[in-house]
Amino acid sequence: MASFLYRLGRSAFRKRRWVLLLWVAVVAVVGFKGVTAAAGSDDSSSMPGIESQKAFDLIAQRFPGAAADGASARIVFVAPDGQKVTAAGNREAIEKTVAEAAAGGQVASAVDPFRAKAVSEDGTTAYATVTYKVTGKDLSDGSRTELQRALGDARKAGLTVESGGDAVAAQTEAGGIGEAAGVLVAALVLLVTFGSMAAAGLPLLTAVIGVATSMMAILALSSAFGLSSSTGTLATMLGLAVGIDYAMFIVSRYREERGKGHTSLEAAGRATGTAGSAVVFAGLTVVVALAGLSIVGVPMLTKMGLAAAGAVLLSVVIALTLVPALLGFWPDAVLPRALRRRVRKSRGAGAATGAATGAATSTGAAIVSAAAAGPGAAAGPRESRWARFVLRRPLPVLLLSVVGLGALALPVTDLQLGMSGDEAKPTSTTERRAYDDLAKGFGPGFNGPLTIVVDAKGAPDATGAVHTIVKKIAATDGVVSVSEPRFNQAGDTAIVSATPSTSPTSKQTENLVHTIRGERAGLESATDATFQVTGTTAANIDVAQKMQSALIPYLAVVVGLAFLLLLVVFRSLVVPVKAAVGFLLSVLASLGAVVAVFQWGWAADLLGVEQTGPIMSMMPIFLVGIVFGLAMDYQVFLVSRMREAYVHGQSPGRAMVTGFGHSARVVVAAALIMMSVFSGFVTAGESMIKMIGFGLAIAVLFDAFVVRMAFVPAVLALLGHRAWWLPRWLDRVLPRVDIEGEALTRADVEAEAPAHGDTPGAQPSERSRETAGI
């Protein structure tokens, strides 16, 4: 692996113009396809395998046209204090508003609340439903403006008017200004880390190219694969984060190799061969975790996971080809200022001598005197001090990290899964105020009615069977009211709406759904008819249970595959196990933090979370998949340098210190970059995006700064040689990928041997001259 990537890096460096032209062509072609491609149909709401989806499919089959996907708006009218909506003036204003709303060009129907009996018992609140001929994303700005203008007339009459529904909801962007701020913070971190504008700008440039290409590819494939606008959200998040990180690791290793006295061409090859190997396997672990989301069986998760996996693969390819090519255009610009000065002086000294051997000697000595001090010479002083501290006191550090993360994970025991709606939006939005007004006027369960689909096709008396079932459901504790059954044309299927007494996200409503479904067996035997429960509330409950039941199988598949991958990379049984344990600690602690903020409300105001509630049902499995991939990134980058030092002859303790010193600063910078990018999504107005952004940012914080900086070195220090133990039979079976660059080291020794032999006038080989800086 290292040898192949070494040659790839050198080729990209040498043929940099062709590589750059190739990438320009790829970006242009993909961009053209993305801009001209037809929009895809969004079928991400489908949740196969759950009862609510089966009921929805039955409605579409037995009631053609009833499951139309046209947008809708619910207009809520609240009378002034002391008045009722049924008063003459208020009623006239409401009827006028509904008539004006119905006159819209894209409106299919608008139901008057007084004819539909949509008035609260106390007469203070009424609502009207407006349905459209097109979906929410196809609704024109003119139609939205017409609706708002109609609402303005009612407000002038003194009524409080709010509106909800997908016809009103704003189309929020994933990150917005916060995402841009995250990129700026990432640029600042890169500048501080590298001390060079070129070194800081190169990872940003390649990451932006990767993300732009990925998004254009998603647009180009949206029609063929039914990708929605939300499919690219995760691809943007991860593509930007790992794109910066992967390029940064290549650039960092390139600077290190130049500091050892290698030429720019040799340094590019070595950086790609060593750090590039870590990039490949880190990227593969992320891809495994993301592609594994497909086993859950949720189309939206599958598409988001595969799209993000494609973005990560593209970031890997860019890091291995475009980054060394760009280094070829500016080989010295990415170096620290002091090293650039030494390079210029060494070139002048080399030109003055005129002798190849003298130039090689002066170059190697002038560039870095520490090159002869061994692999650990370049280790940062702060990082090495911390590593030596962990080496002296591994047990306290290990216990403190485990106990700390375990305490942070405790809120997970109170985890409640669900899907938030308008109740989770800020009170500044009209959707949230409409939700609150309806709950106050009609009861908390009004915003989450249950839809009961009664299938009496096999019953001898279909009508009687339907009424028997409806009567039983109406008598169930927790049901406030049940609507009159609406039959299809064949008369064998009916739809009933049942209003719970509790809010859609409450535990009582979840229990009510299970109670109603538990009555099915007895009613089937008594009526020869059956029924299913659906609706948004029931669907959210079903999805939460589906996610919960899929979590363990998903963990087993992803962790198992990653274990095999890490086993091949590190040739150790202990290191993959340690990686899995560390991952579980970080993901449980981050999920606990999500529960504490979004469910319990701790520090919720600081994040703009105005309403707490259940955690998004997809969040745990989503967090597990993404955080696992990112955790393995840090695992590979950090431990591969330790493994490299150990393979090259250092003791386990010294190898841990050396590897930590070489990679800790870059890993910290990478973590800060990922945190800044993910934190930018916390500013999004969409609750799901806000929760994902916070969860990923806090997970990176725990994994990079606690697990990788404390837990991992402490475990390796305690185990010593046993950390790298592998049975001989397994060592013979496993393929060798040489992530440590051992083949490159052997090639150096073989190439330099003739130059140090006894033959007079022996000339150094090309590799030897390049290594020496000739």
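## Around F583

In this predicted model, F583 is in contact with L555, V559, V624, V627, F628, A631, M632, D703 and R708, once its neighbours within four places in sequence are left aside. F583 is also named, together with L238, Y246, L290 and F678, among the residues with the most contacts inside the largest nonpolar core, a set of 163 residues. Helix α23, which covers residues 687-719, supplies the largest share of this core, namely 19 residues.

Apart from this core lies another one, made of 25 residues, and A73, F77, F114 and A154 are among them. In soluble globular proteins, nonpolar side chains tend to be buried together.

## The chain as a whole

The protein chain has 26 helices and 11 strands, and of its 774 residues 54% count as buried. When contacts between residues at least 6 apart in sequence are considered, 79% of them join residues at least 24 apart.

## Where helix α14 meets helix α20

Helix α14, residues 394-408, and helix α20, residues 574-599, have axes that come within 7 Å and cross at roughly 35°. The crossing in which α14 passes α20 is left-handed.

Which residues make this contact? On the side of α14 they are V402, L405 and L408, while α20 contributes L585, A589, G592 and A593. Sorted by class, the contact of α14 with α20 has six nonpolar residues, one polar residue and no charged residues.

In one of them the side chains of D455 and R62 meet, with 3.0 Å from N to O. This pair links distant parts of the chain, since D455 belongs to strand β6 (residues 450-455) and R62 to helix α3 (residues 51-62), and the two are 393 residues apart.

Another salt bridge is formed by the side chains of R641 and E256, at 2.9 Å from N to O. Because R641 lies in helix α21 (residues 619-647) and E256 in helix α8 (residues 231-259), the pair ties together parts that are 385 residues apart in sequence. R641 is buried, and E256 is buried as well.

## A network of charged side chains

The side chains of E257 and K260 also meet in a salt bridge, with 4.0 Å from N to O. With a relative accessibility of 3%, E257 counts as buried, whereas K260, with a relative accessible area of 35%, is partly exposed. Through salt bridges that share partners, R253, E256, E257, K260, R641 and E644 are joined into one network.

Leaving aside its neighbours within four places in sequence, S503 is in contact with Y435, P444, G445 and T509. The C-alpha atoms of S503 and F446 are separated by 7.7 Å, although these residues are 57 residues apart along the chain.

K117 is not a glycine, yet its phi is positive, at about 55°. K117 lies in the loop between β2 (107-110) and β3 (125-132), and its relative accessibility of 76% makes it count as exposed.

D528 is likewise a residue other than glycine with a positive phi, here near 60°. D528 is found in the loop between α18 (520-527) and β10 (530-534), and with a relative accessible area of 49% D528 is partly exposed.

Note on methods. Residues numbered from 1 in each chain as written. Predicted model: local features only at pLDDT ≥ 70, side-chain atom pairs only at ≥ 80, totals over all residues. Heavy atoms only, no water. Core = buried A, V, L, I, M, F, W, Y, C linked by side-chain atoms within 4.5 Å. Buried < 20%, exposed > 50% of the residue type's maximum accessible area, 1.4 Å probe, protein only. Helix = DSSP H or I, 4+ residues; strand = E, 2+ residues; numbered from the N terminus. Contact = heavy atoms within 4.5 Å. Axes fitted to C-alpha atoms, helices over the stretch in contact; angles between N-to-C directions. Left-handed = near helix turned anticlockwise from the far one by under 90°. Nonpolar A, V, L, I, M, F, W, Y, C, P; charged D, E, K, R; others polar.
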